Amino acid sequence: MSPVAAAAGSSFHGSLLGMILGAGLMVQFVLVLLLVFSVVSWAIIFMKYRQFRKVKRDNEAFLEAYGRSNRLSEVYPVAKNHADSTLAGVFMSGYEELSRVGRMSSDSPGSEASSVSIERRGVDHVERALSQALGMEGAKLEGAIGFLATTGSASPFIGLFGTVWGIMDTFKGIGARGSATLAVVAPGISEALIATAAGLAAAIPAVIFYNYYVNRVHGMTQDMEHFASEFLNLVDRHSGRS
């Protein structure tokens, strides 16, 4: 039992602040650690919320411009204006690779067979560029979400550790006082259980938003894959490969 709680004895009123201040040093350390986890988690939750909202808004604007345009060269400047759009990022990577292939083809005068070979290799290059862009945009979406999973899985155990430590401290105090009445035991147990409550308070929102954001990332990744497939089919048809 903490010194304050032991001294308080029958004067225990059960206020949250009083229990925190009356807890032992280890329990207080656990509470501070859980507070840090919780604050960082909520910061990530709000940051990802803003990021996904911007991505959704820019994706919709980019797709609208992409659907209206008949030439990829007209879409490229529009894509550069939508920096938060994952679809625009995939498009720019594919288009830039396509432009490099086009320059390579025009700089290599030769037989028709040679030109066809370059075009076929070019499609493969565009496919690889799109694949790399998918990975990069996916990594941006997933950034920092892992911390929510860590908070959701580790915080309850950290809180439980603080509770176990607090209960051990309580029984140690009971042994020193030679008394085990409810008035002596209750304050120490209550202080110890705060750590478990704090661990759950940090973990529950982290788990909820982790699952929510993972689903959002999955949906956006599917959108990018569909767009990349459509873009590659367009390039493939114009290369005469199919």
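A residue counts as buried when its relative accessible area is under 20%. Keep that cut-off in mind. The model you see is predicted. In this chain of 242 residues, buried residues make up 38%.

Let's start with the overall layout. How many helices and how many strands does the chain have? Eight helices, zero strands. Read from the N terminus, the elements go α-α-α-α-α-α-α-α.

Now the contacts along the chain. Take those between residues at least 6 apart in sequence. Of these, 81% join residues at least 24 apart.

And the surface. The accessible surface of the chain is about 13,500 Å². Carbon and sulfur atoms account for 62% of that.

Next, one helix pair. Two packed helices are described by an angle between their axes and a distance between those axes. Our pair is α3, residues 25-68, and α7, residues 145-177. Their angle is about 165°. Their axes lie 10 Å apart. Which way do the two run? Angles over 145 degrees count as roughly antiparallel, so α3 is roughly antiparallel to α7. The crossing of α3 past α7 is left-handed.

Who makes this contact? On the α3 side, the residues are M26, V27, V30, L33, L34, F37, V40, S41, I44, I45, K48 and F52. On the α7 side, they are I145, F147, L148, T150, T151, S155, I158, G159, F161, G162, W165 and G166. Sorted by class, the contact has 16 nonpolar residues, seven polar and one charged.

Now two single residues. First up, E137. Find it in helix α6, residues 112-142. Is E137 buried or exposed? Its relative accessible area is 10%, so E137 is buried. Which residues does E137 touch, leaving aside those up to four places away in sequence? T86, G89, V90 and M224.

The other one is V101. Look in helix α5, residues 86-106. V101 has a relative accessible area of 9%, and therefore counts as buried. Now pick out V123. V101 and V123 are 22 residues apart along the chain. Their C-alpha atoms are separated by 8.4 Å.

To recap. The predicted chain has eight helices and zero strands. Helices α3 and α7 pack at about 165°, in a left-handed crossing. E137 in α6 is buried. V101 in α5 is buried too. That's the tour.

Definitions and conventions. Residues are numbered from 1 along each chain as its sequence is written. This is a predicted model: local features need pLDDT of at least 70, side-chain atom pairs count only at pLDDT 80 or more; totals for chains, interfaces and linings use all residues. Side-chain values use heavy atoms; hydrogens and water are left out. Axes are lines fitted to C-alpha atoms, for helices over the stretch in contact, and angles run from 0 to 180 degrees between N-to-C directions. Helices (H or I, at least four residues) and strands (E, at least two) are DSSP runs, numbered from the N terminus. Angles under 35 degrees count as roughly parallel, over 145 as roughly antiparallel, 65 to 115 as roughly perpendicular and the rest as oblique. A crossing is left-handed if the near helix is turned anticlockwise from the far one by less than a right angle, and right-handed if clockwise. Contact means heavy atoms within 4.5 Å. Ala, Val, Leu, Ile, Met, Phe, Trp, Tyr, Cys and Pro count as nonpolar, Asp, Glu, Lys and Arg as charged, and the others, Gly among them, as polar. Buried means under 20% relative accessible area, exposed over 50%, partly exposed in between (1.4 Å probe, protein chains only). Accessible areas come from the Shrake-Rupley method with a 1.4 Å probe; for residues, only the protein chains shown count as cover.
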